[in-house]
Amino acid sequence: MSVYTSESKWHWRKLLTTTRGYFVLLIFAVVFLVPFYWMFATALKGDEQLFQLPPAWVPNPLVWENFAQVFKEVPFGRFLTNSVVLVVWNVVGQVVSCTLIAYGFARLRFPGRDALFLVLLATLMVPRQVTLVPQFILFAKLGWVNTYLPLILPAFTGSPFLIFLMRQYMMTIPLDLDEAATIDGAGRLQILRHVIMPISGPALVLVAVFTFTDVWNDFMGPLIYLNDPEKFTVSLGLSFFQGAKETSWHLLMAGSLMSMIPPMILFFLAQKRLLGGLAAAGIKG
Amino acid sequence: MSKNFVQAWRGMSVAKRQEAVAGYFFISPWLIGFIVFIAGPMLASFVISFTRWNIVSDPKWVGIANYERIFTADKDFIQALKVTFKYAVIFLPTFTIVGLAMAMALNVKLKGVGVIRTLLYLPYVVPGIAATLVWVWVLNSRFGLLNTILSWAGIEGPNWFGDPKSALYGIVMIGLWGVGGSAVIYLAGLQNIPERLYEAAVVDGANEWQKFWHITIPMLSPTILYQLVMGLIGVFQTFTSSFVATGGGPLKSTFFYMLYIYNKAWESLRMGYASALAWILFAIILLITLVVFRSSPLWVHYEAERK
């Protein structure tokens, strides 16, 4: 049919598709981004504008002090430090353990390897709630409740999903590299450290970023294990804040905004690798 | 298996045995973690589910009493199941359709589409607690954004989280906000579909709808299956949004199964009962996943499949 359409008709159709494309994208963008705007606008409102009817779209005056006020009302700085400590330990744990484990699964041969890897994949499907209660009992009996150990230690045993990602990546590295290094007299740990790790950068970034966001955003873990507000993370601290100051929505929004900045910055920095890796895992998974 | 293992071991050269030992050494962190944090706890949880135990005192064996009570006399269990299933039925199809629609909108060669993709992905990286707080405020019945916009059209918006009829839909919206994470995966799937399939369809005189229904959907079906299974597991773990936004109310209209387990284990300290609840949920998830996989040959199309 298109054979018969003239040049100008074709031009109009292209313009129409372009306009339609942008229009649909615009609708999605507005719907999904307006909550961010609302949060930001609320975070900058003063007490008197907060409960004004109809609600003001643009805060006037802009009360930037709200952000500082959050730190005065609750130990928000403390929460931030705690979250950072947890994130750092978890990232270290996952990077080290996932590298070792993935190397074993991807490049060494041993009886039962494939069966064990299947078990690993199967654990991806085990819902957290089944292990939550007995894990808690275990840590409680060890006297580790209200410490960070239950929130850090498991990271050193590797998360199945991240091990899977690392393994898939290592499978793509040619085996010749290992063999060449072996001939040069390198041991397996040396090969891993000096041959495999330097070229596994993209996968390692992925492991670090996923771990960062997971730990930073985790709510249930800290909720179950931490009792002392001094030890709260940002996520748990925010809910504590909400319980204490139910109507201080400008401060709650300022706190929420600050809590989402670190994962967002990280996402912007790593977005190309992150989206590519996620998509690859999603399709192959 | 152990017999095979011994045989395999005997037949191996020294170098192979060394490699095998190294292999076990490298995967040992996972092996330890699997035993200590997954397999052990799962087994323990099964045993605990036949006891009454508040951690402080000694556990007391009660046989199947917990299960019996759950299935015969526990109204909260029924309510938690109802809420979770109702949420799954509303949320999963909506999530899939919106995710697909977003991916298709993003699958265009237009300037600036990369920036929009990034922006639409952002809500997915927002901490669950922050996302929940934002939506509680957006859905505030008097000062909220949504009801303000509805009022322009002369509609009086519901008292979202304050009304048992609408509270669950509020939770749905919190979940839907993160759909960008799923859309990105669909987008990659879309971009993997060979252009020649569409070209061939055009030659055969197919319209847009036919192309979508007979090429896009079948080619994307493995991705949809994966997303559906992950979404399902996610639905049964929904916790933060209901815990923070409503605490399960009003009138238990957002009383999710996970919230119930949390209440039993950490508010009433009934570990045995909570373990039984967790195992029942696990069985349900397993069953549904199995049904989804079993039904998949009917609707999932694998390009490399040998008939």
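Chain A of this predicted model is split by its domain assignment into domain 1 (2–43) and domain 2 (74–284). The centres of these two domains, taken over C-alpha atoms, lie 37 Å apart. Their contact draws on 5 residues of domain 1 of chain A and 8 residues of domain 2 of chain A.

Together the two domains of chain A bury about 520 Å², and carbon and sulfur atoms give 90% of that area. On the domain 1 side, A:M39, A:T42 and A:A43 lose the most area to domain 2 of chain A, together 74% of what that side buries. The count of salt bridges between the two domains of chain A is 0, and the rule finds 0 residue pairs in polar contact there (both at pLDDT 80 or more). The side of domain 1 of chain A that touches domain 2 has 4 nonpolar, 1 polar and no charged residues.

Now for chain B, which is divided into domain 1 (2–48) and domain 2 (74–299). Here 4 residues of domain 1 of chain B are in contact with 5 residues of domain 2 of chain B. Of the area that domain 1 of chain B buries against domain 2, B:M42, B:S45 and B:I48 supply 82%, more than any other three residues. The touching side of domain 1 of chain B divides into 3 nonpolar, 1 polar and no charged residues.

| Domain pair | Distance between centres | Buried area | Share on carbon and sulfur atoms |
|---|---|---|---|
| Domain 1 and domain 2 of chain A | 37 Å | about 520 Å² | 90% |
| Domain 1 and domain 2 of chain B | 38 Å | about 400 Å² | 70% |

Technical notes: Residues are numbered from 1 along each chain as its sequence is written. Chains are lettered from A and ligands numbered from 1 in the order in which they are written. This is a predicted model: local features need pLDDT of at least 70, side-chain atom pairs count only at pLDDT 80 or more; totals for chains, interfaces and linings use all residues. Side-chain values use heavy atoms; hydrogens and water are left out. Domain bounds come from an automatic or database domain assignment. Contact means heavy atoms within 4.5 Å. Buried area is the accessible area (1.4 Å probe) that two parts lose on being put together, summed over both. Ala, Val, Leu, Ile, Met, Phe, Trp, Tyr, Cys and Pro count as nonpolar, Asp, Glu, Lys and Arg as charged, and the others, Gly among them, as polar. A salt bridge is a side-chain nitrogen of Lys or Arg within 4 Å of a carboxyl oxygen of Asp or Glu. A polar contact is a pair of N or O atoms within 3.5 Å; within protein, one must be able to donate a hydrogen and the other to accept it, and residues adjacent in sequence count only if both atoms are side-chain atoms.
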